[in-house]
Amino acid sequence: MKFFLDTADIDEIRRASAWGILDGVTTNPSLVAKTGRRFDDVKAEILDLVKGPVSLEVTATDYDGMMTQARALAAEGEQVVVKIPLTQAGIQATATCTKEGIKTNVTLCFSANQALVAAKAGATYISPFVGRLDDIGNPGMEVVADILEVYKNFNFETQVLAASLRHPAHVLDAARLGAHVATMPIKVIEQLFKHPMTDIGLARFMADWQKVPE
Ligand code: E4P
């Protein structure tokens, strides 16, 4: 399973990169806004730091506007994946990007039928938003399972990128289902390392080590 960091914060990307387990980064307009910085500056720094897939989202909502932005973003680097919302214009843009060899991450996916449409357009990744579905009382992970089942039936190559993951149990569930990628905030990645028994065990080893004669 690939791990992507869901952020536009450069310090977080630096910190998580140092662990050696990070495969890529996903951003969205809200995450960029949270930095308080210009998109162009944030984008340049992320692309400088991260050589794995970096999802950068279009902000146009019409087909022509999306394509103008998609082509410009894709020209910024080999690792750029253009993030496109799952609307009719977005799917049309995704299909054109596929024809032009531009990698895509179709975002704001909340159902398996939407994911089916994205796969037919040749999306590189589909991003079901698990946490946001949970928020409205629909089990988000069931949608991930449905998408994986449908894609397997037809050997679609689109990778399932479990998104809007809010806690470690989401990551485990996505991994057990076989989602290709999990994108998560740094807090969730940090929680994956943690177990109280590890801390207790390490403290005991260190205390015992003090008793070993030199
Ligand atoms: C995915 O690529 C999105 O950026 C993200 O996972 C959305 O998460 P949220 O629902 O916590 O905002």
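These legends walk through several close-up views of the structure shown above.

The model is predicted, so local features are described where pLDDT is at least 70, side-chain atom pairs count only at pLDDT 80 or more, and totals for chains, interfaces and linings use all residues. Residues are numbered from 1 along each chain as its sequence is written, and side-chain values use heavy atoms, with hydrogens and water left out.

**View 1. Eight strands close into a barrel.**
The 8 strands follow the order β1-β2-β3-β4-β5-β6-β7-β8, and their pairing is parallel. From one strand to the next, the twist averages 30°. Helices (DSSP runs of H or I, at least four residues) and strands (runs of E, at least two) are numbered from the N terminus. Two strands count as paired if DSSP finds at least two bridges between them. Take β1 (residues 2–6) and β2 (residues 24–26): they run parallel and are joined by 3 bridges. Look for Leu5, whose bridge partner in β2 is Val25.

**View 2. Strand β5 and its partner β4.**
How many bridges link β4 and β5? These two strands pair in the parallel sense over 4 bridges. Here Ile84 stands opposite Val106 in β5. Buried means under 20% relative accessible area, exposed means over 50%, and partly exposed lies in between (1.4 Å probe, protein chains only). In β5, 5 of the 6 residues are buried, so this strand is largely enclosed by the rest of the structure.

**View 3. Helix α8 and its buried side.**
Helix α8 covers residues 140–154, and its 15 residues should span 21 Å at 1.5 Å a residue; the end C-alpha atoms are 22 Å apart, which agrees. The expected span of a helix is 1.5 Å times one less than its number of residues. Which residues of α8 are buried? They are Gly140, Met141, Val143, Val144, Ile147, Leu148 and Tyr151. These residues cover an arc of only 150° around the axis, which puts them on the same side of α8. That arc is the one made by the directions from the helix axis to the C-beta atoms. On the face turned away from the buried side, you can find the exposed residues Lys152 and Asn153.

Contact means heavy atoms within 4.5 Å. The elements covering the buried residues of α8 include β5 (104–109), α6 (112–120), β6 (125–128), α7 (130–135), β7 (159–162) and α9 (168–177). Helix α8 lies across β5, β6 and β7, and runs at about 155° to β6. Helix α6 lies across β5 and β6, at about 160° to β5. Axes are lines fitted to C-alpha atoms (for helices, over the stretch in contact), and angles run from 0 to 180 degrees between N-to-C directions.

Helix α5 has 13 residues and reaches 19 Å from its first C-alpha to its last, close to the 18 Å expected at 1.5 Å a residue. Its buried residues are Ala89, Gly90, Ile91, Ala93, Thr94, Thr96 and Cys97. Among the elements covering them are α4 (63–74), β4 (80–85), β5 and α6. Just after α5, Gly101 takes a positive phi of about 75°. Lys103 lies in the loop between α5 (88–100) and β5, and counts as partly exposed at 33% relative accessibility. The C-alpha atoms of Lys103 and Val81 are separated by 4.9 Å, although these residues are 22 apart along the chain. Leaving aside neighbours within four places in sequence, Lys103 is in contact with Glu78, Val80, Val81, Val82 and Thr124.

**View 4. Two cysteines that stay apart.**
A disulfide is a covalent bond between the sulfur atoms of two cysteines. With the cut-off that the sulfur atoms lie within 2.5 Å, a search of the whole structure finds 0 disulfides.

Most residues other than glycine have a negative phi. Asn155 has a positive phi of about 50° although it is not a glycine. Asn155 sits in the loop between α8 and β7 and counts as exposed at 65% relative accessibility. Ser164, not a glycine either, has a positive phi of about 55°. Ser164 belongs to the loop between β7 and α9, and is buried at 11% relative accessibility.
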